[in-house]
Amino acid sequence: MRERQGLDDGIRAVVELTRKLDDNIELIQMGEDEGDTAIVEEAEATILSMSGEVKARQIETMLSGEADGNDTYLEVHAGAGGTESQDWANMLLRMYTRWAERRRFKVEMLEAHDGEEAGIKSATIVVKGHNAYGWLKTESGVHRLVRISPYDSNARRHTSFASVWVYPVIDDSIDIQVSEADVRIDTYRASGSGGQHVNTTDSAVRITHIASGIAVACQAERSQHKNKAKAWEMLRSRLYEAELKRREAAANATEASKSDIGWGHQIRSYVLQPYQLVKDLRTGMESTSPSDVLDGDIDEFMEASLAQRIDGSAGELVADID
C-alpha cells in the first residue's frame, strides 16, 4: 500500500504539472494572437515558477531505489590521528544529526565509543523518516577536514579524516538468512554514560560476519539480550546493503569507474583554514560556508551526488521548461 501510494502521488504530480504547462502555453498563444502582453508575461512567469516544483519531483525520482524509502543506519569512525580525528568524527555526527532534525526525522543513538580527550572513536545512529536511506546513501566514504587545531598549542594546521558508512534498515518482509555458525559474537562492557549497571556488566554486543568481515555493535540497551537482537538486525541490514551495491555495480558496470564511490575513498573535503570551502570531490559541488554545512545544510551536496547516479535524463524536463 505504501508503494502504491507513492506511485499514485508521483503520477498525480506529473499529470498536474503537464496540465499546468499546457494551460499556460495556450495562454501565451492566445495572448500573442490578441496582442495582450500582460497575459503572455503572466503565463511565462508561471511556467518559470514551475521549475522549483519540477526540481523537487526530479529529486524524488532519484529516490526510487529498492530500499530508498527505508530508515537507515549511519556509522561514523574516526581515522588515524587521535584527538583531532575523534573530534572531527564527532563534528560529522552532529552534522548528520542536525540535517535529520531539519527534516524532522527521528534520530536514535545505538552505540558510541568516546575518544580519550574529546570527540568519539565511533558511533552508530539510526535515522527514521521517509526516504532516509535514499537521501543519505551517497554519504558513505571518507571525509577530510583541514583546520587550525584547537588542540595544538602551536596553532598549527592539521588534516583529519573520518569515515561514514550508511546502510538501510530492512523490514520484516525482506528475509536475510544468517546462521550463527557464520558469525562470531563478542560481549563487552558498554562505554560512556549509562549508569552503574550498563558500565559494570557485559551488556554490549558485537557480531562479526566471518565470510565478509562485516561487524556491527550495539550498546544502546541495558539488556544484553536486547542489544544482541538489535545487532542481528543491523547485521542483516549490512548484508542486504552489500547485496544492493553488488546488484547496482553489476547493472552499471560501464559507469562504475565514473560514479561508484566505495568504502575507503575520499568523497568530500572541508577546509576551515587558511580559506573556507567545502568541496565534493565526486561532483565538484562547492560551498564557501562550512559553518552552514557543518550545521546540517547539506541538501545540495546530496542532490548533486544523487543526480550523478542517473544518466542525466531526469534533467530533461527542467531543460524543456527553461
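Which side chain makes a polar contact with the side chain of S269? The legends below begin with that view.

**View 1. S269 and its partner R144.** The side chain of S269 reaches the side chain of R144 in a polar contact of 2.8 Å. A polar contact here is a pair of N or O atoms within 3.5 Å; within protein, one must be able to donate a hydrogen and the other to accept it, and residues adjacent in sequence count only if both atoms are side-chain atoms. This is a predicted model, in which local features need pLDDT of at least 70 and side-chain atom pairs count only at pLDDT 80 or more, while totals for chains, interfaces and linings use all residues. Residues are numbered from 1 along each chain as its sequence is written, and side-chain values use heavy atoms, with hydrogens and water left out. You will find S269 in strand β9 (residues 266-271); helices (H or I, at least four residues) and strands (E, at least two) are DSSP runs, numbered from the N terminus. S269 is buried, with a relative accessible area of 6%, where buried means under 20%, exposed over 50% and partly exposed in between (1.4 Å probe, protein chains only). Leaving aside neighbours within four places in sequence, S269 is in contact with R144, L277, V278 and K279, contact meaning heavy atoms within 4.5 Å.

View 2. D87 sits in helix α3 (residues 83-102) and is buried, at 13% relative accessible area. Its side chain makes a polar contact of 2.8 Å with the side chain of R147. Setting aside neighbours within four places in sequence, D87 is in contact with A118, G119, R147 and Y151. Look also for K121: its C-alpha atom is 8.6 Å from that of D87, though 34 residues separate the two along the chain. R147 also meets the side chain of E84 in a salt bridge (3.5 Å, N to O). This pair links distant parts of the chain, with R147 in strand β4 (residues 141-148) and E84 in helix α3, 63 residues apart. Both R147 and E84 are buried.

View 3. How many salt bridges does the structure hold? There are 20, each a side-chain nitrogen of Lys or Arg within 4 Å of a carboxyl oxygen of Asp or Glu. One of them joins D186 and R184 (3.4 Å, N to O); D186 is partly exposed at 24% relative accessibility, and R184 is partly exposed at 43%. Another joins K230 to E233, with the closest N and O atoms 3.7 Å apart. Because K230 and E233 are three residues apart in helix α6 (residues 224-251), about one helical turn separates them. K230 is partly exposed at 25%, as is E233 at 27%. Elsewhere, salt bridges that share partners join R94, R98, E101, R102 and D295 into one network.

View 4. A pair of aromatic rings is described by the distance of the centres and the angle of the planes. Rings of Phe, Tyr and Trp (its six-membered ring) pair if their centres lie within 6.5 Å; planes under 30 degrees apart count as stacked, over 60 as edge-to-face and the rest as tilted. By this rule there are three aromatic pairs. The rings of Y73 and Y167 have centres 5.1 Å apart and planes at 35°, so this pair is tilted. Y73 lies in strand β1 (residues 72-78) and Y167 in strand β5 (residues 157-168), so the pair ties together parts 94 residues apart in sequence. Y73 is buried at 1%, and Y167 is buried at 0%. W99 and F105 form an edge-to-face pair, 5.7 Å centre to centre with 80° between the planes. The charged end of R238 sits over the ring of Y167, 5.0 Å from its centre, and R103 lies over the face of W135, at 4.1 Å from the ring centre. For such a charge, NZ of Lys or CZ of Arg is within 6 Å of the ring centre and within 35 degrees of the ring normal.

**View 5. The nonpolar cores.** A nonpolar core is a set of buried Ala, Val, Leu, Ile, Met, Phe, Trp, Tyr and Cys residues joined through side-chain atoms within 4.5 Å. The largest one has 40 residues, and L74, L92, M95, W99, L136 and Y270 have the most contacts inside it. Helix α3 gives the largest share of this core, eight residues. Apart from it lies another core, of 18 residues, among them Y167, V183, V216 and A231.
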